[in-house]
Amino acid sequence: MPRKVTIFNLKLHDFRNYASVGLGLDGRNVVLTGANGAGKTNLMEAVSFLSPGRGLRRAAYGDVAREGAAGGFAVFAALDGMQGEVEIGTGTETGEEGQTRRLRVNGTPARSLDELLDHLRVLWLTPSMDGLFTGASSERRRFLDRLVLSLDPDHGRRVADFEKAMRGRNRLLSEPRPDPQWLDALERQMAELGVAMTLARRELVGLLSGIVEASRDEGPFPSAAMSLSGFLDDALEQPAYEIEETYAAVLRDGRYRDAAAGRTLDGPHRVDLLIRHREKDMDAARCSTGEQKALLVGLVLAHAGLVAGMTGYAPVLLLDEITAHLDEGRRAALFDRVDALGGQAFLTGTDRAMFEALGDRARFLTVANGTIAG
Ligand SMILES: Nc1ncnc2c1ncn2[C@@H]1O[C@H](COP(=O)(O)OP(=O)(O)OP(=O)(O)O)[C@@H](O)[C@H]1O
């Protein structure tokens, strides 16, 4: 059984519609109910800032600070985490480069937001992910990279460095006489990072598929068959250095074509995560809304199980408006699976009755107008 990470105190300051609010928690799951616009998702978003990145809305920091507030926002959490008890403070400051996010761990400034991953992993499922299967491949890539990142903290840097090198190459190719040596160097870097990224993604898909397979008969959530497509699909059985050579050659040979296109046409930035509904043997994009939601829930729960297995600690789960599209049986099964994961989950909805099956496995809170009541 994985160990539990427990957030037992949460404070928000100038965060969206919260001027200042403090919340004591007892380690159980948390159900937040309230009217539309009350601040339920905002509270979840605050918890999502306990992971690197821009949170579950991928918001610009300027939009997160409470309208009318003079400075930035702040989120404080006291938790029993992966390295014991810790106090985390994060928020924005306005400097020369605009709004930047800062992190303090036990009062000491952290060098990087990645330090958050030493203490907890936060995973989420929000209604904005409902279009994952039907939307653009860039959304699925982002989803995939977030899954990888929660297991492999170096992945974010790899992706960012690859994109930087690619932008450099694109810029160089737009010049009338680009320096071939400089191009060689950038392409070598892209090959190294691009192949590392691809192998990390492939490993994640393999591990996740294993978990999905193992939990196939555990309830009403359909299982996803996943594969990657769109980048060196035939070369990936080779050793890593050979794949790098292959990709570097593809880039070299594609210079004229890419210069004409104004962008790099081959690379890990073109990969798609293909998902099929296993039981129906149907492309997820062609499944019903409810089937897609159930497939996504199954995938996120499998990923949470994988993170718990790999780190030894159950992740904090944020499930926003999770009961929409799920029938009663699926809701009860979801709560059982969430509970079996052994972590702390935050769930939101407009109707408290939808969460009745959780019983005393959750603490019920009511959110209204940027205030929270027990
Ligand atoms: N920077 C901000 N400053 C002040 N208020 C904000 C800011 N950003 C968003 N809001 C307000 O927060 C409210 C939305 O809160 P939230 O998304 O948490 O609602 P919710 O309770 O999840 O509602 P729903 O059930 O509709 O999803 C809106 O009224 C919105 O105008």
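1. Start with the contacts of Asp-14. Leaving aside neighbours within four places in sequence, Asp-14 is in contact with Ala-19, Ala-65, Arg-66, Ala-69, Gly-71, Phe-73 and Ala-74. The residue belongs to strand β2, which covers residues 6–15. Asp-14 counts as buried because 20 C-beta neighbours lie inside 10 Å, and the cut-off for burial is 20 or more. Val-75 is 61 residues away from Asp-14 in sequence, yet the two C-alpha atoms are 8.9 Å apart.

2. A word on confidence. This is a predicted model. The protein chain has an average pLDDT of 94, and 100% of the residues score at least 70. For the complex, the predictor gives an ipTM of 0.98 and a pTM of 0.93. Where pLDDT is low, predicted coordinates should not be read in detail.

3. Next, the ligand. What residues come nearest to the ligand? They are Asn-36, Lys-40, Thr-41, Asn-42 and Glu-67, out of 16 residues around the ligand. By class, the shell holds 8 polar, 5 charged and 3 nonpolar residues. Helix α1, residues 40–48, gives the most to this shell, with 3 residues.

4. The record should be read alongside this. In an unreviewed UniProt entry, the annotation "binding site" covers Gly-34, Ala-35, Asn-36, Gly-37, Ala-38, Gly-39, Lys-40 and Thr-41. Such annotations may be inferred rather than shown by experiment. Among the annotated residues, Asn-36, Lys-40 and Thr-41 are also listed with those nearest the ligand.

5. Two annotated loop residues deserve a look. Gly-34 sits in the loop between β4 and α1, and Ala-38 is placed in the loop between β4 and α1 too. Gly-34 is buried because 21 other C-beta atoms lie within 10 Å. Ala-38 counts as buried as well, with 21 C-beta neighbours inside 10 Å. Not counting residues up to four places away in sequence, Gly-34 touches Lys-40, Thr-366, Val-367 and Ala-368. On the same terms, Ala-38 is in contact with Val-367, Ala-368 and Asn-369.

6. Thr-33 is found in β4. It counts as buried, with 20 C-beta neighbours inside 10 Å. Beyond four places in sequence, Thr-33 is in contact with Gly-349, Thr-350, Asp-351, Arg-352 and Thr-366. Arg-141 is another matter: 108 residues along the chain from Thr-33, with 32 Å between their C-alpha atoms.

7. Lys-40, Thr-41, Asn-42, Leu-43, Met-44, Glu-45, Ala-46, Val-47 and Ser-48 are the buried residues.

8. Finally, helix α9, residues 328–341. Ala-333, Leu-334, Phe-335, Arg-337, Val-338 and Leu-341 are buried in α9. An α-helix has 3.6 residues a turn, so residues three or four places apart point the same way. The buried residues of α9 pack against β4 (29–33), α8 (289–311), β13 (313–314), β14 (316–319) and β15 (345–349). Gly-342 follows α9 and has a positive phi, near 85 degrees.

Note on methods
Residues are numbered from 1 along each chain as its sequence is written. This is a predicted model: local features need pLDDT of at least 70, side-chain atom pairs count only at pLDDT 80 or more; totals for chains, interfaces and linings use all residues. A residue is near a molecule or strand if its C-beta atom, placed from the backbone, lies within 6 Å of it. Helices (H or I, at least four residues) and strands (E, at least two) are DSSP runs, numbered from the N terminus. Ala, Val, Leu, Ile, Met, Phe, Trp, Tyr, Cys and Pro count as nonpolar, Asp, Glu, Lys and Arg as charged, and the others, Gly among them, as polar. A residue is buried if 20 or more other C-beta atoms lie within 10 Å of its own, exposed if 12 or fewer, and partly exposed in between; C-beta atoms are placed from the backbone. Two residues are in contact if their C-beta atoms, placed from the backbone, lie within 7 Å. pLDDT is the predictor's confidence in each residue, from 0 to 100.
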